[in-house]
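Try each task before reading its solution.

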There are 2 protein chains.
Amino acid sequence: MKYNKDTSEKILDAAVREFETKGYSGTRMQAIADRAGINKALLHYYYKSKDALFQIIIQKAFKVFIPKVISAIDEETDLFETIEKFTSSYIDNLIQHPRIPAFITLEINNNPERLLGLIQSSGVNVEKFKQKIDTAIEKGEIIDVEPIQLIVNIISLCLFPFVAKPIITGLVLNGDEKVYEKMIEERKQEVSKFIIRAIKK
Amino acid sequence: MKYNKDTSEKILDAAVREFETKGYSGTRMQAIADRAGINKALLHYYYKSKDALFQIIIQKAFKVFIPKVISAIDEETDLFETIEKFTSSYIDNLIQHPRIPAFITLEINNNPERLLGLIQSSGVNVEKFKQKIDTAIEKGEIIDVEPIQLIVNIISLCLFPFVAKPIITGLVLNGDEKVYEKMIEERKQEVSKFIIRAIKK
DNA sequence: TGCAAATTTAACCACATGGTCAAACTTAAC
DNA sequence: GTTAAGTTTGACCATGTGGTTAAATTTGCA
């Protein structure tokens, strides 16, 4: 018998919760242990250091997203369908893991090197998407846009509502979480409609 | 003679730098003192605690933005002009204070209560903007959109590129800061064009 | 110049934090 | 039940942290 899978999972769950809300430096090993219902020494028995635990969690977070992102872009469909598939599946994924964007934002601003390597080596390929945009422009399907601007727009519209959930809920929606959730759900359709309307000839 | 304005400013500058990049819990009083070229006791002589210093900096950050945001929305112009004025002046402001969005995002996810009160009491009024959108729909100037979705879209397109600067620069722009700056500069025009094209009838 | 107030400093404190360790406990196989 | 490996624990340590204090230095002004 080796590591107890159950305990190991419990720790990971607890650590994700703590890191996602408090960030790396705001998270206390004691808090993770408490949340997992174990003691600090056991925590260090399973994961040798705070840094190691953090690294593992970041990697898991990326594994959730990157493959889906890639598959949407890679498919041999036209630009409009790509945008539709990408935004809806991306937002859908984000609904299931809503705290990840804020977490990544937090940490990438704090320690860009640590995360950038991870993202870059994960195989996301923006070039392919740029080419699709260029092709659509040549074919006269969309207006003449700067591919980078369009890509930034798409990412912004998908991600920002998750990053800024407290601001949106508190400021625009008077603190109503239900309205927030409904709005996000609608965005699975609305975002691509909005984008396509903005670029279609 | 009372507090030395110069020293006080130097401390504030240093503190802003530290808090903006490291967040509240990641920031060390010693680091602020070092950056300001003074020692820790003097730091506490000017600002009684880390929390107090942080509070002052947040309030300053808000004072920079809120008034400009309000003035753009308040003007008695039509929706299209409001969007143009708002996005270009907002992005322009962000260019001058590029680290504030990430800073606010970090802290609002960490401690929503502390910041939300501040924002809410600052007099930002989303209702006025909603009404402008409703009016434009009634007049048939724009297609039938959910005002909240449009507002979230506008904010997302303005803010996200600043929040996610390291991701965009690293992943989409191959680490080229100059390209990033050029792209942001162009967004002062591009964002409103994009939005208006998406909603204009 | 002398003095009182403002400013700056080095040394210090209490406490929190990440991490360790040897001992105790569980478990499954023989 | 004995044993040996894996698992869990309380007590502990070194260091880093925000914050204090009393004494020294500088400053403006009579």
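**Exercise 1.** Find how many salt bridges there are between domain 1 of chain A and domain 2 of chain A, and describe the contact around them.

*Solution.* Step 1: apply the rule for a salt bridge, a side-chain nitrogen of Lys or Arg within 4 Å of a carboxyl oxygen of Asp or Glu. The count between domain 1 of chain A and domain 2 of chain A is one. Elsewhere in the list of pairs, the side chains of Arg99(A) and Glu20(A) form a salt bridge, at 2.5 Å from N to O.

A word on the ground rules: this is a predicted model, where local features need pLDDT of at least 70 and side-chain atom pairs count only at pLDDT 80 or more, while totals for chains, interfaces and linings use all residues. Residues are numbered from 1 along each chain as its sequence is written, chains are lettered from A and ligands numbered from 1 in the order in which they are written, and side-chain values use heavy atoms, with hydrogens and water left out.

Step 1: Domain 1 of chain A spans 1-48 and domain 2 spans 59-199, with bounds from an automatic or database domain assignment. Their C-alpha centres are 30 Å apart.

Step 2: describe the contact. Seven residues of domain 1 of chain A touch seven residues of domain 2 of chain A (contact means heavy atoms within 4.5 Å). Together the two domains bury about 660 Å², 53% of it on carbon and sulfur atoms; buried area is the accessible area (1.4 Å probe) that two parts lose on being put together, summed over both.

**Exercise 2.** Now turn to the two chains: how many residues of chain B are in contact with chain A?

*Solution.* Step 1: 48 residues of chain B meet 47 residues of chain A. Step 2: the area buried between chain B and chain A is about 4,500 Å², with 68% on carbon and sulfur atoms. Phe160(B), Phe194(B) and Arg197(B) provide 15% of what chain B buries against chain A, more than any other three residues. Step 3: count salt bridges between chain B and chain A, and you get zero.
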